[in-house]
Each structure stands twice: as structure tokens, then as C-alpha cells.
Amino acid sequence: MVIKIMLALYIAMEAEAQGILDALDAQLLPQQPIIGTYYQAGDILIATSGKDLATGVDCVGTEPAGIVANDLIVHHGVTQLFNAGTCGAHSSLEAQIAEAFLVSPTIFSHDHRIPLPRFEEFGMGAHPMPEVVPPLAKKLGLRTAILSSGNSLDHTERDLEIFLANGARIKDMEGSALAWVCRQHDIPLTCLKVVTDIFDLPHPAAEQFNANLAQAAESVTAVTLRTLQEWGLFDN
Ligand code: ADE
């Protein structure tokens, strides 16, 4: 029996997704979920987090990511998830703005603190990434890094302590939720993260993010397309 791989991309922000949607000539699915916006390009499903009804902004963060990932797997037959988006980098990584990383070997949470036996471990995440990620990174000429997720663009001192204690060097707002859902379903996740800000500098991460989002989004598009090419799912 041949098991068909069904790949979905999850990209939290429309600005991060637009270049990929254009390059793949993705079409909006006729039926849309309440949470998330879904597109199709050939055999690939592409989901963004969609717009929040109350504020009109992209639904960044862990809750929409978890809901959409679960829906893609349960209701759309997705068997492999690829997350592409932006991240903050710790200064010790000496990353360039718009540098792309593949996440390996692990994804943590730095703001999911539950100091109770076993719950602490649950909150921390420590979700393992597939072993095929480092060879893929090598092929693409990218570095790998441990990712840690939280629901804030900024960070508290405690967040940073946990982030560093776990060996994390890049920080986002979706990875741990996607990794948790994929782990529950035993589905492989690959995370591509492109740097918009060096988050531990005195210059606020939000200002760096705004200044660098367009440049980072170009890199998200280019490296996502190269990854799809590597997987034989895109040729230009
Ligand atoms: N995405 C881009 N920069 C980020 C940061 N500093 N923290 C969380 N998510 C981000």
C-alpha cells in the first residue's frame, strides 16, 4: 500500500505568507474555517492564522496555531507540517537579520510554567524535531538552532532564564503549539525561522520587527521554495 504524504504549510502572518502564496499561485479554498485562512496549491495546503474578528490583525500566537494544526490533521488529512515564519534571535547566536534557521533538535516553551510534578515537564515542551532536519539544513546551507516559544513578542527576565537554560537561541510565538499538536498525532514537523530581531538588545524587539519584517519575509519565501524544491514539490 502506498501512503500518500499530504503536506501543509502553516504561516502565522499574511505578510510572511504572501510571497509563497504568489509564487505557488495558491488559491483560497472555497470553504473556510472560522479560525485560520486556508489556501491550496496543487497537493499542498497552506494555512495562515487568519484575522482576529475583534482587532483585524493576524492571529499570531499559540492558540490559533494549535487549533489550525489540529484541524489540518483531523479534517484535511495532513500527514506532514511545515512551519515557516519569523523569529527573534539571542545575541549569542550572532545571527544576521533575515538569516534563516531550521529548528533542531528541540522546541521548548519559556512561558508555560507549572511548578508541579510532571506538569513542569509538560509545560516546558521539549518536543523533539525529526532527525532528517540537520541533513536538510546542510543541503540548504542553513544553521540549526533550538527554538523556544511564548505568547509575547517581548520577554521577562524569567522567560530569558528558562530560554537560555534550555539551550534555545531563537524565539517565536507558534512553534511549541504546532510541535505539541504534531507530537500528539505523531506527525513530523519542520520549522523554518527567519530572524527579524535580536531580542535581547536594548532596542525593543517590536521596533526591530517592524523595520525588518519585509526583508525577513523575502527570505521566508526564498528558503521555503528551496525546501519545497528539495522535497520535489516545487520547480520553477
Ligand atoms: N517573531 C519575531 N521576533 C520575535 C520575538 N522577538 N519573539 C517572539 N516571536 C517573534
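**Pocket notes**

I began with the second largest pocket, which holds about 260 Å³ of space. Before going on, I reminded myself that this is a predicted model.

I listed the lining of this second largest pocket and got 21 residues, with Thr-86, Leu-153, Asp-172, Met-173 and Phe-209 nearest its centre. Then I checked which elements give two or more residues to that lining, and found β5, β9 and β10. The largest share comes from β5, with six residues. Sorted by class, the lining of the second largest pocket has nine nonpolar, six polar and six charged residues.

**Ligand**

I counted 13 residues around the ligand, and the closest are Cys-87, Gly-88, Lys-171, Thr-196 and Asp-197. By class, I have the shell down as six nonpolar, four polar and three charged residues.

From Lys-171, an N or O atom of the side chain is 2.8 Å from a ligand nitrogen. Gly-88 takes part through its backbone, with an N or O atom 3.2 Å from a nitrogen of the ligand. For Thr-196 I wrote down 3.3 Å, between a polar side-chain atom and a ligand nitrogen.

How much of the ligand's accessible area does the protein cover? On its own the ligand has 260 Å², and the protein covers 97% of that.

**Largest pocket**

I moved on to the largest pocket, where about 400 Å³ of space lies. Its lining is made of 21 residues, and I noted Ile-5, Leu-7, Gln-80, Trp-231 and Leu-233 as those nearest the centre. Helix α4 (residues 133-140) supplies the largest share of this lining, with four residues. When I sorted the lining of the largest pocket by class, I got 14 nonpolar, three polar and four charged residues.

Last, I went through the backbone. Where is there a cis peptide bond? I found one from Ser-104 to Pro-105, with omega near 5°. I placed Pro-105 in strand β6 (residues 100-109).

I also flagged Ala-126, which has a positive phi of about 50° although it is not a glycine. Ala-126 belongs to the loop between α3 (119-124) and β7 (127-128).

**For my next look**

I am keeping two things at hand.

Conventions. Residues are numbered from 1 along each chain as its sequence is written. This is a predicted model: local features need pLDDT of at least 70, side-chain atom pairs count only at pLDDT 80 or more; totals for chains, interfaces and linings use all residues. Side-chain values use heavy atoms; hydrogens and water are left out. A residue is near a molecule or strand if one of its heavy atoms lies within 4 Å of it. A polar contact is a pair of N or O atoms within 3.5 Å; within protein, one must be able to donate a hydrogen and the other to accept it, and residues adjacent in sequence count only if both atoms are side-chain atoms. Accessible areas come from the Shrake-Rupley method with a 1.4 Å probe; for residues, only the protein chains shown count as cover. Ala, Val, Leu, Ile, Met, Phe, Trp, Tyr, Cys and Pro count as nonpolar, Asp, Glu, Lys and Arg as charged, and the others, Gly among them, as polar. On a 1 Å grid over the protein atoms alone, a cavity is a set of points where a 1.4 Å probe fits but cannot get out, and a pocket is an open set with protein on both sides within 12 Å along at least five of seven lines; lining residues have an atom within 4 Å of a point. Grid points are joined across faces, edges and corners, and a volume is the space filled by probe spheres set on the points.
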